[in-house]
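Here's a quick briefing for anyone meeting this structure for the first time. Take a look, then read on.

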Amino acid sequence: MQHTLVTLVEDRPGVLNRVASLFRRRGFNIESLTVGHSEIPGVSRMTMVIDSTPQNIERLIQYLYKLVNVIKVDDLTHETTMMRNLAMIKVSANEKRRMEIMQLVEIFRARIVDVANDSLIIEITGAEDKIESFVDVLRPFGIIEMVRTGVIAMARGSSAAMSMVNQEASLAA
Amino acid sequence: MKKTGAQILWECIAREGVDTIFGIIGGSTLPIYDAMEAFPIHHVMVRHEQGAAHMADGYARATGKVGVAMATSGPGATNLVTGIATAFMDSSPIVCITGQVPSWFIGYDAFQETDVTGITLPITKHNYLISNVEEINKTVRDAFYVARSARPGPVLIDITKDAQTEEIEWEYDETPIQMPGYRPDYSPVEGDLKQAAKMIAQAERPLILAGAGVLHSEAMQEMIAFAEKTQTPIAATLLGLGSVPASHPLYLGMMGMHGESWVNQAIQEADLLLAMGMRFDDRVTGNMATYAPNARKIHFDIDPSEINKNVKVNLALIADLKITLSQLLPHLSPTDHSPWLETINGKCEESAQRDILNWPDTGKLHAAHVIHDIWKYTEGKALLVTDVGQHQMWAAQYYKHEKPNTLITSGGLGTMGFALPAALGAKQGCPDAEVWVIAGDGGFQMTQAELSTAAQEGLKVNVAIINNGYLGMVRQWQDLFYEKRYTATPMVSPDFVKIAEAHGLTGIRVTRRSEIEDAIHKTQECPGTVVIDFRVEKEDNVYPMVSAGADLHEMIRRPHPEQS
């Protein structure tokens, strides 16, 4: 089953390598991994999607904690979570079909970010399944190129992944 | 005051309490070595960097302090790898310092450049690359703290040549260590203690499994007090030997692949296993699916990632063992388990007849005799350092340790060539100890060059080579599982007596049991290192044995004297 982990790490050279190396070393497959800044200076936030058993995920979380640069790991799998993915899709669009595509863009609340004579670039954000179905309806028009960011996730409500470690992390930063 | 990076490095190392380091100088550590003389630190020059890492490891295991190894960039650093991996698998606190090419060369494949932090990433507890003199002070303090705290382990610091030579205005910075991602928690949860006490009170056939964590946590007294109060017998892992005196009435012996049959049977019959600082390695469990099927399990360990990794447990106390046991003890009431202890004792007596020590003397020289006699004539007081293989298992079975930290052996990684350098490190750290190396003819030759180090340093260790002309443990597997096809295991060795003499040391050859006692006494009296070449029976096997993957109670027993 797919698990979504949010991991807060010190923003230092080589930390991504340590995390990736851990997955390889312990035989885990990463479905998706995104890295970026968090709200705390000096702390990066990773969102990982891993397909594995709950027992193995429990092991993985403990291994992540063993990395000296890992500050906090949250398993959001069973929480009500906002999950977002961003995709840019370049699709063939001559004059005749452009209107059709624009209607689909409207329905899916996507956005056209580039228009050329025979193509469009569409940007869409949303949960994984929404993007999947949008890609499916665009396929017949001819997808020239596509890029997706991977999932980012955040638990609903006022709690923060960082709340427990906020103070110490700020000190280190 | 103005200081160079090299001077700052030494001052920080000295402030960690380091008095000895093991290493080899090279191009990328020249500035460090050039600054060394001014500091009260003794440098042991080794013959191969693997030896430096093993010496630091042996020093750490014998003294409980952090051992330090130093190597230059490139091949110097890569030669450390086996020693670092050995320390990592056995949770030994060492700090390795490697020189690196100047920071502006990194990434350009400069002469003797290697990505050492990359190479050692999966075999260190943590590692650091210092490319700026300003980072040295904090990094060294963090590195020693990480190496020695919680579950100990090796830490590597790679330091560029420019960071060594750069000069800054500097005062030692002692601000408390703050690592947001490393905050070990040593205290057990009160509710878990109560739960454990309840499970212990309910048990009729409890058994303590003592691992290296008992020694790391220095929880020996607490564990024995626990055992005595609850009348719980204790079995030890290989690395846990010595955590309880071998002569203690509640001590059963070693568990696992070459453990005693009554110990393994006790594990299989127990209704409660108390795993203390051990990690249910495959060499102690046998087939996991049938392991201790009747037992509830309580796991005491400082490392959360060990819980439910190999064996699923009913309760985990993730904390320092010494603290946990001292808090748990008041929750326990004195118990009597005499029926359980009698059951186990009955099995011991039957097994004793099979023990080679109780066989009639045929004049043959068996390794078991050699080790038994070393135990006898050192009065069980030696600091024993073994290599890896058959002799290691015989040493574990026949040398009875009464004191903690008197057995140093490569357990997890099983590194041949470990013994001689680890023993030199141990001797350096404990100059008053009577240090004995037990090694095979195969493993000894892997690091035999360190005899030069022993000679140069005037370090006295006593080396017993159990010489059977084979890579014996592999030959045993070929015997049992490959229809005696002895491929690549027979071995022609040099004359070890002459090897010793070539180093200005003493060599003795022993071919008969009657010669053992004299040889041991002569060795003890000799001021320098002595190498004894024990020409033992070539094709003895180590028994009992649980075949890889077999059920723990399905042991190949020692042959019975009447049947052989």
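**Helices, domains and a sheet**

In chain B, the axes of helix H3 (residues 49-63) and helix H18 (residues 419-429) come within 6 Å and cross at roughly 45°. Keep in mind that this is a predicted model: local features need pLDDT of at least 70, side-chain atom pairs count only at pLDDT 80 or more, and totals for chains, interfaces and linings use all residues. Residues are numbered from 1 along each chain as its sequence is written, while chains are lettered from A and ligands numbered from 1 in the order in which they are written.

**The helix pair in chain B**

- H3(B) and H18(B) are therefore oblique to each other (under 35 degrees counts as roughly parallel, over 145 as roughly antiparallel, 65 to 115 as roughly perpendicular, and the rest as oblique).
- The axes are lines fitted to C-alpha atoms, for helices over the stretch in contact, and angles run from 0 to 180 degrees between N-to-C directions.
- H3(B) passes H18(B) in a right-handed crossing, meaning the near helix is turned clockwise from the far one by less than a right angle.
- Residues of H3(B) including Gly51(B), His54(B) and Met55(B) meet residues of H18(B), among them Pro421(B), Ala422(B) and Leu424(B); contact here takes C-beta atoms, placed from the backbone, that lie within 7 Å.
- Helices (H or I, at least four residues) and strands (E, at least two) are DSSP runs, numbered from the N terminus.

**Where chain A touches chain B**

- This contact takes 20 residues from chain A and 13 residues from chain B.
- On the chain A side, helix H1 (15-25), helix H2 (54-66), strand E4 (70-75) and helix H5 (166-172) each supply at least two residues.
- H2(A) gives the most to that side, with 5 residues.

**Two domains in chain A**

- Chain A splits into domain 1 (2-80 + 156-172) and domain 2 (82-152), with bounds from an automatic or database domain assignment.
- The C-alpha centres of these two domains of chain A lie 30 Å apart.
- Their contact takes 7 residues from domain 1 of chain A and 6 residues from domain 2 of chain A.

**A sheet in chain B**

- Chain B has an open sheet of 6 strands in the order E11-E10-E9-E12-E13-E14, with parallel pairing; strands pair if DSSP finds at least two bridges between them.
- Its edge strands are E11 (251-254) and E14 (315-318) of chain B, each pairing on one side only.
- Strand E10 (residues 234-236) of chain B pairs with E11(B) in the parallel sense over 3 bridges, and Ala235(B) has Gly253(B) in E11(B) as its bridge partner.

Technical notes:
Two residues are in contact if their C-beta atoms, placed from the backbone, lie within 7 Å.
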